[in-house]
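Keep the structure in view while reading.

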Amino acid sequence: MGEARRIHFGSRVVRAARELPAGAGIPNVLPLVQSVAFDYGSMREQDAIFGKERPGWVYGRYGTPTTAALEHALAALDEVEEVVCFVSGMAAIAALLDIAREGRGRIVAQEDTYGSTRSLLERLRAEGADVAFVDPTDHRGVQRALAERDTTLLYVEAISNPLLRVVDVAALAELAHRAGARLAVDATFASPALLRPAGLGADLVLHSLTKYINGHGDVMGGSVGGRREQISPLRDRVTSDGAYLPPHEAWLVVRGMRTLELRMGRQCANALALATHLAAQPKVARVIHPGLESHPQHELARAQFGERCGAVVTFALRDDTRDAAYRFLDALELAASATTVGDLYTEVLHPATSSHRMVAPAERERMGITDGTVRVSVGIEDPYDIVADLDAALARV
């Protein structure tokens with residue numbers, strides 16, 4: 001045996017710190033493995049990993065240890081077999097709908113979904129896909145739409161954005177399965193802290209990780225969970241499309257979701273307090289929150305979610321005009337005028353000019369998204385300060 005070849009410092013420094021020291025123990029904080037590629041002791045070992053004959057990592061677009069840790073955690077929270085993560089919630093939705101479209105069956109979708117989801121569905125329909133929109137609370141209408149043609153997918157939101165309709169997941173799952181379709185539930189506004197749709201019969205569960213699961217407004221991500229055989233084509237798609245969630249973003253989501261239960265408890269309580277207060281204000285025409293007895297699905301919301309019925313409040317100004325909404329938004333001081341939900345702080349949005357801007361004005365009006373409609377994502381601030389800020393802004397309307 002000859003002497004081991006001496007590696008020069010310039011080479012050693014490049015290859016330093018590639019492994020955790022032996023005996024390092026189990027870290028309390030998930031390690032961030034920020035590596036694109038992975039080296040193995042032999043080509044046979046690498047070949048087995050590429051061939052999926054044994055677990056391992058070969059390239060960041062195919063999977064990373066940190067993102068896999070997030071996927072395992074989400075699967076446990078949502079009580080599903082497997083989860084695959086995407087770079088955004090819309091990337092996850094687009095992949096799911098595209099695969100459903102390839103099945104050449106009908107997609108039946110909730111009419112008042114998030115604006116970008118609705119726009120994507122309308123684009124698919126314009127390209128020749130069979131897409132039908134329904135009111136998911138009208139079960140007879142859903143059943144008719146499912147029965148008209150062979151249906152691949154029924155797509156709904158657990159709490160719709162921004163009208164906060166609540167769907168009966170178990171009933172819709174039964175209708176979908178009877179028609180030979182799968183039920184996909186976007187549970188972003190509920191999060192696993194309030195609802196686990198798979199336990200009620202949903203086949204696929206989606207989240208925009210950007211929102212409540214991360215909760216800090218500093219990372220984007222999306223996920224789809226379900227049975228392993230249903231997630232496998234989505235994992236192939238995310239690999240080929242290059243839309244897999246990178247490790248740093250996954251690490252931030254894991255960090256954020258550790259406080260999900262605490263944040264949702266505070267935010268839901270604050271939202272109900274705000275909704276109750278706004279319902280008594282003369283400048284407010286209507287208030288929508290599933291925790292209010294006036295909400296048409298209040299009893300269903302309590303049955304599915306318990307005492308916490310969500311952290312978003314939507315209301316319409318009595319002066320139902322865009323100018324009034326702008327004056328209200330411009331007068332806010334504590335709350336941010338921001339186009340997202342689920343952050344630590346209160347955020348207020350005007351759907352007609354942001355989240356649902358791409359939906360035709362006549363269709364927005366038909367669904368109830370008027371120019372005076374405002375959506376509030378309630379944060380963890382002191383509830384008295386949130387109420388005082390919105391009251392001061394209402395005084396300017």
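The model is a predicted one.

**Pocket**

The largest pocket holds about 780 Å³ of space. Its lining counts 24 residues. K52, G56, W57, Y62 and R235 lie nearest the centre of the largest pocket. Which element gives the most to this lining? Helix 9 does, with five residues. Helix 9 spans 228–241. Helix 2 (43–50), helix 3 and strand 1 (82–86) also give two or more residues each.

**Cavity**

One cavity of 30 Å³ or more is present. The largest cavity has about 30 Å³ of space. I159, L164, F189, P290, C309, G310, A311 and V312 form its lining.

The table sets the two linings side by side by residue class.

| Lining | Nonpolar | Polar | Charged |
|---|---|---|---|
| Largest pocket | eleven residues | five residues | eight residues |

**Helix pair**

Two packed helices are described by the angle between their axes and the distance between the axes. Helix 3 (residues 65–78) packs against helix 10 (residues 247–257) at about 35°. Their axes are 8 Å apart. The crossing is left-handed. On the helix 3 side, the contact uses T66, T67, L70, A73, L74 and L77. On the helix 10 side, P247, A250, W251, V253, V254 and M257 take part. By class, this contact has ten nonpolar, two polar and no charged residues.

Five strands form an open sheet in the order 8-9-12-11-10. The pairing is mixed. Which strands stand at the edges? Strand 8 (284–288) and strand 10 (336–337) do. Each has a single partner strand, so one side of each is left without a neighbour in the sheet. Strand 8 runs antiparallel to strand 9 (residues 312–317), and four bridges join them. I288 has T314 in strand 9 as its bridge partner.

Helices also pack on this sheet. Helix 11 (residues 260–278) touches strand 8, strand 9 and strand 12 (373–377). The direction of helix 11 makes about 15° with that of strand 9. Helix 13 (residues 322–331) lies across strand 9, strand 10, strand 11 (347–349) and strand 12. Helix 13 runs at about 130° to strand 9.

Definitions and conventions
Residues are numbered from 1 along each chain as its sequence is written. This is a predicted model: local features need pLDDT of at least 70, side-chain atom pairs count only at pLDDT 80 or more; totals for chains, interfaces and linings use all residues. Side-chain values use heavy atoms; hydrogens and water are left out. Axes are lines fitted to C-alpha atoms, for helices over the stretch in contact, and angles run from 0 to 180 degrees between N-to-C directions. A crossing is left-handed if the near helix is turned anticlockwise from the far one by less than a right angle, and right-handed if clockwise. Contact means heavy atoms within 4.5 Å. Ala, Val, Leu, Ile, Met, Phe, Trp, Tyr, Cys and Pro count as nonpolar, Asp, Glu, Lys and Arg as charged, and the others, Gly among them, as polar. Two strands pair if DSSP finds at least two bridges between them. On a 1 Å grid over the protein atoms alone, a cavity is a set of points where a 1.4 Å probe fits but cannot get out, and a pocket is an open set with protein on both sides within 12 Å along at least five of seven lines; lining residues have an atom within 4 Å of a point. Grid points are joined across faces, edges and corners, and a volume is the space filled by probe spheres set on the points.
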